[in-house]
Amino acid sequence: MLWLFRLWLVVLALVLGWALICYALTRNRDYLWRARAAIRWSAYVAGLIALFWLARRLLF
């Protein structure tokens, strides 16, 4: 499970890096908003998975 968390962090870093490079080249804030939305929703999904994992761990 730890490898999945590390992979998730690497992908988020790549998304943020891509958005920053695109913003630096074009000065278009849409890239930053898209990256922010992707990071926010992936954090919600990770939190939901962690919540279910914790509930499963506590119940069984």
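Guide: Start with residues 6-26: that span is 100% helix and 0% strand, and its end C-alpha atoms lie 30 Å apart. Helices here are DSSP runs of H or I, at least four residues, numbered from the N terminus. This is a predicted model, where local features need pLDDT of at least 70, side-chain atom pairs count only at pLDDT 80 or more, and totals for chains, interfaces and linings use all residues. Residues are numbered from 1 along each chain as its sequence is written, and side-chain values use heavy atoms, without hydrogens and water.

Visitor: Which residues does UniProt list as "transmembrane region"?
Guide: The unreviewed entry lists 6-26 and 38-55. Such annotations may be inferred rather than shown by experiment. Residues 38-55 are also 100% helix and 0% strand, with end C-alpha atoms 26 Å apart.

Visitor: At what angle do H1 and H2 cross?
Guide: Roughly 165 degrees, with the axes of H1 (residues 2-26) and H2 (residues 30-59) coming within 8 Å. The axes are lines fitted to C-alpha atoms over the stretch in contact, and angles run from 0 to 180 degrees between N-to-C directions. That makes H1 roughly antiparallel to H2, a label for angles over 145 degrees.

Visitor: What residues make the contact?
Guide: Among them are Trp-8, Leu-12 and Val-15 of H1, and Ala-38, Ser-42 and Ala-46 of H2. Contact means heavy atoms within 4.5 Å.

Visitor: Is Ser-42 buried or exposed?
Guide: Ser-42 counts as buried, at 17% relative accessibility; the cut-off is under 20% relative accessible area, using a 1.4 Å probe and protein chains only. Leaving aside neighbours within four places in sequence, Ser-42 is in contact with Trp-8 and Leu-12.

Note on methods
Helices (H or I, at least four residues) and strands (E, at least two) are DSSP runs, numbered from the N terminus. Angles under 35 degrees count as roughly parallel, over 145 as roughly antiparallel, 65 to 115 as roughly perpendicular and the rest as oblique. Buried means under 20% relative accessible area, exposed over 50%, partly exposed in between (1.4 Å probe, protein chains only).
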